[in-house]
Amino acid sequence: MGKESQPSAMEIDAPKSTNSDQIVPKFSINVLQLLKSAQMQHGLRHGDYTRYRRYCTARLRRLYKSLKFTHGRGKYAKRGITESTVTEVRFLHVILYTTERAWSHAMEKRQLPNGPNARQRIYLIGRLRKAVKWATLFSQLCAIKADSRTSLEAEAYESYMRGSLLFEQDQNWDVALKHFKSARAVYEELGKYGDLDNQVLCRERVEELEPSIRYCLHKIGQSNLQASELLQIGDVEGPALDLFKAKLEAVMAEARSQQAASMTEFLWLGHRFPISNAKTRVAILKAQELEKDIHGPQADSIPADKRLVIFDKIFSAYHEARGYIRADLATTGSTESVKDDLNGLDKAVSAVLGERTIERNLLLVKVAKSKLAKRHDDKNEKVTKPEELVRLYDLLLQNTADLSDLVSSGRDKKPEEVSFAEVCSCKSLAFRAQRCFYVAKSYSVAGKRAEAYALYGRARNLADDALKKFQMLDGDNKTMMKELEDLYNESRSNSCIEHALGIMEEKKTQENLSEKISKISLTGTEQLEKFLLDKLDVYESAVGDSNVKCTPRIAGFPPAFQAISRNPIVLDLAYNMIEFPPIENRMKKDRKVKGGFISRIFG
């Protein structure tokens, strides 16, 4: 029976049966999750398409080598991937990463500083065509070799690539809309099943596709959206939106160019400065559109990090405008009126840029104060130290001084500029009071009560002076005055607290000192630690306890002082009463010299 149950060697070596009823295993790839993980880990979290393209190249090299599917040694010999070639799932990975490499290369060209030129645009569209070709092959092979879910994801991926190509080509908007809607429908359906991570990824991809769909509807005339309203669509972040944002920026630049044709002057402090350069108009108009977001009625609802991004864009636009203005100054001839207009425009734009810089730093101060107030409640958030606020107020003081110097410069000072300089002086005094307050708070944290008490008093005096100056000024300064009133009250209360804490600590120090002095013993009988020599009659490990960090001590070193008896005092009083014998006979006698000169020489 044992021999009958064992298969023969011929059965082992024989090829497997290829009957029609044998079930061929289907490959499974979670396409969206695989691509999203690779993109976020290798550059696309920060929009670095060059890094992602290099990762795809390295990944393909490893796949080719592990599959032993290289294209020859030395001379290149192309090896295509067909249905019969796909014997394991890594062959599908090869096609997928080849598609991603071509797509990321196209997006890399799209992100050039000044945009792709005509030749680079041709290359960009060629790489997108390659991506569509490989995505189509991936979808076809997945329909045969993979399970139904993978096949569905591959079809959505192909639809997205085809829509992206038409989107970039600015043609066949209805076909592009069809492909984008097809991809959205697949991801909406897939988002209803699977684990929670997969559902979140599918919903994110649907949100990323929505702006492209609305833009296609706008282009074919089925939407009433204006060009300025399209900016509100692109708030969602993701790699699928980069082509849409580039296209949207081009549309907005065109709209600004049309709107800038009617913009001939720049208004600042009641004065109008003519703008002759069209590029300068477009840059200033872009900055003014962004300023509506931070000064509008919904500005408070925008998170702080997004407002900081808007400030960075405003700075970029104003710096661009200043560059055009100074280029015009360099190429202008000797016409004094044109130079005066350009200098006035440059001064006005620089002043507005300084005001926006102060607003941005005030936003950073607001964020830092909110973190300082709740630093004991939220343990996961980074702790704000008073020194950080001191540094921010140093920046504000420098910004205010630069703005005041800029406005005060010039031979003919206008009344508006003089009043603006006075407002800057009052703001500078208010910032000094705030800075002094947080310097005092840093000293208080360090336990230096006297310094903190003096600085709180100084901050209170500065806040009082600034409040009086603001009351004398015209204009809406209620917010600043309210902050100064709160600062005055906080400085007064904190100075009282520091005074009380200082008295308490001084009294406690005296009590501790008197307690320690009362415990001083001249005999040294109190012994805090018993050494091994003092407890020889008790068995105890000489190594010590493993839970105790201190090492065992055999004897005290240096040894303690011990009282010893001193030698007796002996007074030699008999010395003065002793009569000693004469010793003249033992002393040498002096010989008198007799004779002449020769005897004195020879003795």
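Reply: Thr85 is buried, because its relative accessible area is 18% (buried is under 20%, exposed over 50%, and partly exposed in between, with a 1.4 Å probe and the protein chains only). The model is a predicted one, in which local features require pLDDT of at least 70 and side-chain atom pairs pLDDT 80 or more, while totals for chains, interfaces and linings use all residues. Numbering runs from 1 along each chain as its sequence is written, and side-chain values rest on heavy atoms, with hydrogens and water left out.

Thr85 belongs to the loop between H4 and H5 (helices are DSSP runs of H or I with at least four residues, strands are runs of E with at least two, and both are numbered from the N terminus). Beyond its neighbours within four places in sequence, Thr85 contacts Phe69, Gly80 and Phe91 (a contact being heavy atoms within 4.5 Å). Lys68 is found in this loop between helix H4 (49–67) and H5. Although Lys68 is not a glycine, its phi is positive, at about 55°. Lys68 is exposed, because its relative accessible area is 71%.

With a relative accessible area of 15%, His105 is buried. Its contacts, leaving aside neighbours within four places in sequence, are with Arg53, Tyr123 and Arg127.

A positive phi is also found at Asp170, another residue other than glycine, where the value is near 60°. Asp170 lies in the loop between helix H7 (148–169) and helix H8 (173–190). Its relative accessibility is 41%, so Asp170 counts as partly exposed.

Phe167 and Trp173 form an edge-to-face pair, because their ring centres are 5.6 Å apart and their planes stand at 85°. Phe167 is buried, at 2% relative accessible area, and Trp173 is buried as well, at 12%. One aromatic cluster is formed by Tyr393, Phe431, Phe437, Tyr438 and Tyr456. Charges also sit over rings: the charged end of Arg205 is over the ring of Tyr160, 5.4 Å from its centre, and that of Lys133 is over the ring of Trp134, 5.8 Å from its centre (the criterion is NZ of Lys or CZ of Arg within 6 Å of the ring centre and within 35 degrees of the ring normal).

Phe431, named in the aromatic cluster, is also one of the residues nearest the centre of the second largest pocket, together with Leu362, Thr479, Met480 and Glu483. This pocket is lined by 38 residues, and elements giving two or more of them are helix H11 (278–295), helix H12 (304–331), helix H13 (336–373), helix H14 (386–408), helix H15 (415–445) and helix H17 (478–518). H13 contributes the most, with 11 residues. The lining divides into 19 nonpolar, 5 polar and 14 charged residues (Ala, Val, Leu, Ile, Met, Phe, Trp, Tyr, Cys and Pro are nonpolar, Asp, Glu, Lys and Arg charged, and the others, including Gly, polar). The volume of the pocket is about 1,300 Å³. On a 1 Å grid over the protein atoms alone, a pocket is an open set of points where a 1.4 Å probe fits, with protein on both sides within 12 Å along at least five of seven lines, and lining residues have an atom within 4 Å of a point. Points are joined across faces, edges and corners, and the volume is the space filled by probe spheres set on them.

Helix H12 contains Phe311, which counts as buried because its relative accessibility is 2%. Apart from residues up to four places away in sequence, Phe311 touches Ile294, Arg356, Glu359, Arg360 and Leu363. Phe311 and Ala287 are 24 residues apart in sequence, with their C-alpha atoms 9.3 Å apart. Asn277 lies in the loop between strand S2 (271–274) and H11. Its C-alpha atom is 8.0 Å from that of Ile325, 48 residues away along the chain. Beyond neighbours within four places, Asn277 contacts Tyr324 and Asp328.

For the protein as a whole, the secondary structure comprises 18 helices and 2 strands. Of its 603 residues, 35% are buried. Among contacts with a separation of 6 or more, 66% join residues 24 or more positions apart.

Terms used. Rings of Phe, Tyr and Trp (its six-membered ring) pair if their centres lie within 6.5 Å; planes under 30 degrees apart count as stacked, over 60 as edge-to-face and the rest as tilted.
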